[in-house]
Amino acid sequence: MDRSRSIRRAWKWVPLYALAVPGLAYFFINNYLPMEGLVIAFKSYTAKAGIWGSPWIGLKNFEFLFVSKEAWTITRNTLGYNLAFILVNTVLGIALAIFLNEIRKKSLRKVYQTMILLPYLMSMVVVGYLVTAFLGENTGIVNGILRSLGGQNIQWYTTKAYWPFILLVVNTWRMVGFDTIIYLASIVGFGDQYYEAAEIDGATKLQQIRHITLPLLKPSIVMLLTMSMGRIFRSDFGLFFQVPRSNGLLYDVTQTIDTYVYRALLVKGDIGMSSAASFYQSFVCLAMILLFNWMMRRYSRENALF
Amino acid sequence: MKKALALLFALALIGTLAACAAPTATTAPTSAPTATPTLEPPYEVVIELINYGMDIPDLGVIEQKVNEISLPKTNTTIKFKPVAVADQFMKLSLWVAANEKVDLAMTGITTNPGNLVAQGCLQPITDLVHNSPTIMSLMGDYLAAGTFKGEIYAVPGIAYPAAGMSYLYRSDLATQYSITVPAHVNSLLDLEPIFAAVKASGMAQYATSLGDGKNQTTSMMDNSFDPLGDPSYETNGVIMLNDTTNTIVDIFETQAYHDRVLKLRDWYNKGYVDTLSYSNGYSTHDSLANDTAFGFVAQIGAGSNVAYWTGSTGKPLAECTIGEKTISAGGAMNMSWGVATTSERPDKAIQFLELMFSDVSVANLLNYGIEGTHYVRVDGTTQVIRYPDGKNAFNCGYGTFINWYGDTKKTWVMQPLDDKFIASLDGFTKAGGAKMLASFGYSFDSTNVKTELTAITAVVDQYRSPLEAGVVADVEGQYQAFVQALKDANIAKVIAENQTQLNAWLATK
């Protein structure tokens with residue numbers, strides 16, 4: 001009796017799980033099956049011998065990531081930029097989502113929403129040219145403004161000091177829309193009753209945000225943060241390669257692990273070494289996710305993702 | 001938490017959709033079925049066709065026309081395997097890994113035969129080549145460039161492999177401002193008075209452009225060194241041509257290089273070079289094409305001569321040659337043919353290659369397609385053709401990336417090249433006076449120093465282009481940092497390894 005009821009209850013969920021099947025199949029085929037190729041990172045791969053036929057060489061493929069003097073620079077840049085991006089995108093994303101939610105006129109809200117999201121859909125090559133339109137030495141908009149105010153041209157593309165900020169601004173402009181949409185979707189789902197109750201009790205807008213919106217947003221924030229942690233040792237190749245124009249003078253502040261691997265291996269096209277780099281990145285990212293989640297569990301169990 | 005999980009699924013779904021929408025790797029156009037699959041004997045030679053990755057609609061027709069000649073002569077038919085030039089290496093190594101049949105593989109352009117041999121993609125063809133009279137007489141000494149460990153793996157595709165450098169300048173502006181440029185100088189430095197004259201003449205153009213500093217070294221160093229089979233990246237060390245002891249050195253550490261980058265900065269300061277090309281990402285010939293430069297230094301080869309650059313920049317150009325022409329293994333292998341390990345009948349593949357070099361109508365079909373459809377002859381010339389009216393490489397139905405099938409001297413040439421181009425070809429041979437480099441036929445096996453090479457490559461990529469574009473104010477500081485970074489990356493170990501291998505190779509010669 002008891003058993004049949006539980007079976008019947010489980011049966012109820014089958015259609016829902018069926019909905020997930022295409023997505024799961026995609027993940028299995030696209031993300032799990034190719035993992036066999038991870039062994040290439042530990043092999044001296046040649047096309048003729050194939051993946052399993054090539055000889056094992058232990059960790060030799062990984063050496064190039066650590067022996068170079070650049071190792072510190074690329075690690076610092078990759079992690080540093082990612083932390084800054086995560087922080088700024090989270091704070092701005094939440095702020096923008098709250099602002100958007102306060103707009104009463106629906107059509108206007110849609111317009112703003114689209115405008116914020118639009119850069120997210122742009123190719124980095126195009127973004128690179130847009131940035132040049134602003135920062136070009138003689139033709140750029142920014143230098144044009146400086147000149148009309150009686151100032152001097154600034155050589156943006158040859159001065160290192162500006163680039164951490166330029167990259168931060170470009171990344172935020174491009175990526176913040178995505179976070180905003182997710183937060184906005186959560187906020188819209190909260191329903192009006194909390195806010196109506198708060199209003200009756202005389203809470204100000206700021207108090208409502210602080211005591212209702214933010215606490216309710218916590219699960220979404222934790223989830224997006226955990227997912228960002230999973231990408232913390234990968235960098236947006238387009239951003240760091242296209243936007244600074246692959247300019248050697250700026251490498252100290254624009255070289256990340258992805259661009260370094262690309263540049264160092266471009267000539268030789270060594271599949272083993274590039275796999276090793278990717279393996280190392282995945283390993284660090286996995287460690288970061290686990291670490292972050294473990295910290296979350298310690299701090300507030302019910303908000304941890306898993 | 002349930003909500004968060006639901007959100008997670010939603011995100012995953014968005015990710016899936018985005019992945020679908022993103023432009024995935026361009027799929028190679030499928031070629032039309034072969035015309036005559038007869039009983040058993042004729043062998044189908046699968047031949048790589050490098051292109052820009054666009055659709056080539058008339059492949060089937062060309063295959064059919066070629067088969068009409070090759071079937072009676074060599075009992076072979078051909079089948080094109082189109083490859084986008086960007087995927088060249090990846091595609092070939094994947095085909096070999098998947099045991100997919102490829103007979104004639106293009107081993108130059110973005111790949112090199114040494115690497116392909118190391119990857120196990122090519123098979124030795126020594127005897128087959130020795131039995132092919134046309135290939136032997138055309139390529140002769142150049143065959144050493146495709147020889148590894150005593151076996152021939154690749155055959156040069158062009159019998160005119162020399163390369164030199166020239167200062168190409170606007171002939172119209174030279175006349176207008178009465179600037180006389182000599183026809184030949186020994187060094188780039190000899191052009192300094194001309195640059196000064198251009199500056200003094202008051203024309204709007206800079207005397208020259210250093211471009212975005214990418215791949216400059218060879219041209220700015222007067223072609224004065226032997227890159228040891230590594231034509232564009234001097235990461236393995238080089239031999240300076242004035243050194244007869246075959247000592248490999250780090251070119252960036254030489255006095256000559258040091259002096260040259262100081263000179264380039266001097267020119268930059270004096271206003272001889274386009275100061276914006278670096279930050280705008282213009283190459284040297286971009287600066288000429290967009291009217292900011294009077295001239296530029298170009299590498300000149302059989303295919304990239306004045307006529308080619310005139311067409312590419314759209315400006316009337318005249319030439320001043322600099323230094324001497326040399327023949328390097330890299331140059332000879334720039335377009336070359338090998339037989340993939342997955343070929344079932346290497347003998348048939350080489351037979352077809354021989355036919356391609358001996359039968360000009362086969363070569364013309366492969367290069368340009370069918371007369372009247374894909375090209376028309378130009379009146380009053382012997383070998384010049386052009387696209388039919390209203391057609392170009394992208395819409396004529398058979399636009400390929402290379403027109404180097406067969407013996408270039410006998411095939412048609414496409415405008416803007418002209419009959420003079422054919423006449424000039426002999427100047428790009430050993431017989432025509434070009435200097436064979438001492439290391440010709442030597443190739444460096446970098447397996448033992450892979451790790452060091454990646455670090456060196458990254459260092460060169462970082463420091464070289466700004467120095468060679470003249471945009472660094474503190475040349476001395478940047479230069480010292482460059483040399484130090486190369487030392488830190490252990491370039492000494494690479495050079496020592498290279499020298500050991502070179503000495504061993506020289507001993508067997």
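The exercises below, each with a worked solution, concern a predicted model with chains A and B.

Residues are numbered from 1 along each chain as its sequence is written, while chains are lettered from A and ligands numbered from 1 in the order in which they are written. Local features need pLDDT of at least 70 and side-chain atom pairs count only at pLDDT 80 or more, whereas totals for chains, interfaces and linings use all residues.

**Exercise 1. Describe the secondary structure and overall dimensions of chain A.**

Step 1. Count the elements, where helices (H or I, at least four residues) and strands (E, at least two) are DSSP runs, numbered from the N terminus. Chain A has 14 helices and zero strands.

Step 2. Chain A has 24 Å, while a compact globule of 306 residues would have a value near 19 Å.

Step 3. A residue is buried if 20 or more other C-beta atoms lie within 10 Å of its own, exposed if 12 or fewer, and partly exposed in between, with C-beta atoms placed from the backbone. Of the 306 residues of chain A, 30% count as buried.

Step 4. Look at contacts, which need C-beta atoms, placed from the backbone, within 7 Å. Among those in chain A between residues at least 6 apart in sequence, 69% join residues at least 24 apart.

**Exercise 2. Characterise the side of chain A that touches chain B.**

Step 1. Count the residues in contact: 37 of chain A and 39 of chain B.

Step 2. Assign them to elements. At least two residues each come from α1 (2-32), α3 (63-67), α10 (205-229) and α13 (257-265) of chain A. The most come from α13(A), with four residues.

Step 3. Sort by type: Ala, Val, Leu, Ile, Met, Phe, Trp, Tyr, Cys and Pro count as nonpolar, Asp, Glu, Lys and Arg as charged, and the others, Gly among them, as polar. The side of chain A divides into 17 nonpolar, 10 polar and 10 charged residues.

**Exercise 3. Locate the domains of chain B and describe the contact between them.**

Step 1. Read the bounds, which come from an automatic or database domain assignment. Domain 1 of chain B covers 43-158 + 334-365, and domain 2 covers 162-328 + 412-509.

Step 2. Compare positions: the C-alpha centres of these two domains of chain B lie 31 Å apart.

Step 3. Examine the contact. Domain 1 of chain B gives eight residues and domain 2 of chain B gives six. On the domain 1 side, four are nonpolar, three polar and one charged.

**Exercise 4. Trace the strand pairings of β1, β13 and β15 in chain B.**

Step 1. Apply the criterion: two strands pair if DSSP finds at least two bridges between them.

Step 2. Begin with β1 (residues 43-51) of chain B. Seven of its nine residues are buried, so the strand is largely enclosed by the rest of the structure. β1(B) pairs with β2 (residues 76-84) of chain B in the parallel sense over nine bridges, and Tyr43(B) stands opposite Thr76(B).

Step 3. Turn to β13 (residues 336-339) of chain B. Ser336(B) and Gly338(B) point one way, Trp337(B) and Val339(B) the other, and all are buried. Three antiparallel bridges join β13(B) to β3 (residues 104-106) of chain B, where Met106(B) stands opposite Trp337(B). Another antiparallel pairing over three bridges links β13(B) with β6 (residues 154-156) of chain B, and there Pro156(B) has Ser336(B) as its bridge partner.

Step 4. Finish with the open sheet of three strands, order β14-β15-β16 (chain B), which has mixed pairing. Its edge strands, β14 (376-377) and β16 (413-414) of chain B, each pair on one side only. β15 (residues 384-386) of chain B runs parallel to β16(B), joined by two bridges, and Ile385(B) is partnered by Met414(B).

**Exercise 5. Which residues of helix α13 (residues 306-313) of chain B are buried, and what covers them?**

Step 1. List the buried residues of α13(B): Val306(B), Trp309(B) and Thr313(B).

Step 2. View them down the axis, with the arc taken from the directions from the helix axis to the C-beta atoms. The buried residues of α13(B) fall within an arc of 65 degrees, so they line one face of the helix.

Step 3. Identify the cover, which includes β7 (163-170), α12 (284-289), β11 (295-301) and β12 (317-327) of chain B.

Step 4. Check the residue just after α13(B): Gly314(B) takes a positive phi of about 75 degrees.

Notes:
Two residues are in contact if their C-beta atoms, placed from the backbone, lie within 7 Å. The radius of gyration is taken over C-alpha atoms; the globule rule is 2.2 Å times the number of residues to the power 0.38.
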